[in-house]
Protein chains: 2
Amino acid sequence: MSITFTDPTSLTHDELEEGTAFAPRFDAQGLVTAVTVEAGSGRVLMVAHMNAQALSLTLDTGEVHYWSRSRAKIWKKGESSGEIQKLVEMRTDCDQDVVLLTVEQTGRGAACHTGRKSCFYRLVEVSEGVASLRDSGEPRLFDPKSVYGA
Amino acid sequence: MSITFTDPTSLTHDELEEGTAFAPRFDAQGLVTAVTVEAGSGRVLMVAHMNAQALSLTLDTGEVHYWSRSRAKIWKKGESSGEIQKLVEMRTDCDQDVVLLTVEQTGRGAACHTGRKSCFYRLVEVSEGVASLRDSGEPRLFDPKSVYGA
């Protein structure tokens, strides 16, 4: 079943920010930003994008679908890796251009294609005016070569 | 002091995803997405954008600066409201087009311009194929009219 959303241009500023109509403000590419957190811990797992079809499929099936910008197609999370995300809750922000997904991360518990739980496995540090990255020690829960091929 | 970043086009795919160079992949507008979470709780407070100057100012001063797309200018968070964000930690994701900021939210503890702690104060619900929003009951920590004017 396709889910119906409200056209944000039909709303006043106050209705957009305080009202009960879900009116995702898709950008020029037809996308909203999706931030995905792990149920229970609330930890940020990943950030991706959704178009209207991905939003509708996610709400209808309870399994998270994104829009892959690199492959220009609907991307059911876990379709290759088995790391399906079960939707627990969806929220939107004040101006409705972001959705916040709380999910149960199934499979081996790895949201990141590198095999780690979270995509945010590196810390930004600054030394003498130069920013660099330090690995936070996040373990790999699967070997990406064996899951996706070389 | 201006902070120096690496040009992502100078890196291999593996260096981008597994290396120690911080090479933010700014989009066509010169922006990366910034997801901001509260220190301690890890709760997602807001999502905004940063250009190179905002990233540099944030890392240099320890106070979070964004790029305001609506005002087309650097936006020191809290400059009007007093709700300054003190940077505790910055991470980036696998392909370096998002930064995850852990902050101490000062002032009254409200990251959202509506006066609430978080911008994500509404839940998406579906009934008979139509998506709508329900207020999660997040209290206002300040009155936006008294802070920003009518």
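Ala, Val, Leu, Ile, Met, Phe, Trp, Tyr, Cys and Pro count here as nonpolar, Asp, Glu, Lys and Arg as charged, and the others, Gly among them, as polar. The model is predicted, so local features need pLDDT of at least 70 and side-chain atom pairs count only at pLDDT 80 or more, whereas totals for chains, interfaces and linings use all residues. Residues are numbered from 1 along each chain as its sequence is written, chains are lettered from A in the order in which they are written, and side-chain values use heavy atoms, with hydrogens and water left out.

Figure 1. A pocket is an open set of points on a 1 Å grid over the protein atoms alone where a 1.4 Å probe fits, with protein on both sides within 12 Å along at least five of seven lines; lining residues have an atom within 4 Å of a point. Of its 13 lining residues, His13(A), Asp14(A), Glu17(A), His113(B) and Pro144(B) are the closest to the centre. Two or more residues each come from α1 (13–18) of chain A and α3 (144–148) of chain B; α1(A) provides the largest share, 4 residues. Helices (H or I, at least four residues) and strands (E, at least two) are DSSP runs, numbered from the N terminus. The lining comprises 3 nonpolar, 4 polar and 6 charged residues.

**Figure 2. Interface of chain A and chain B.** Each chain brings 50 residues to the contact, defined by heavy atoms within 4.5 Å. About 4000 Å² is buried between the chains, 57% of it from carbon and sulfur atoms; buried area is the accessible area (1.4 Å probe) that two parts lose on being put together, summed over both. In chain A, Arg91(A), Phe120(A) and Arg122(A) lose the most area to chain B, together 17% of what that side buries.

**Figure 3. Salt bridge between Glu18(B) and Arg140(A)**. The closest N and O atoms of this pair are 3.3 Å apart. The count between the two chains is 6 salt bridges, each a side-chain nitrogen of Lys or Arg within 4 Å of a carboxyl oxygen of Asp or Glu.

**Figure 4. Loop residues with positive phi.** Ala72(A), in the loop between β3 (65–68) and β4 (73–76) of chain A, has a positive phi of about 55° although it is not a glycine. Glu128(A), in the loop between β7 and β8 of chain A, has a positive phi of about 50° and is likewise not a glycine.
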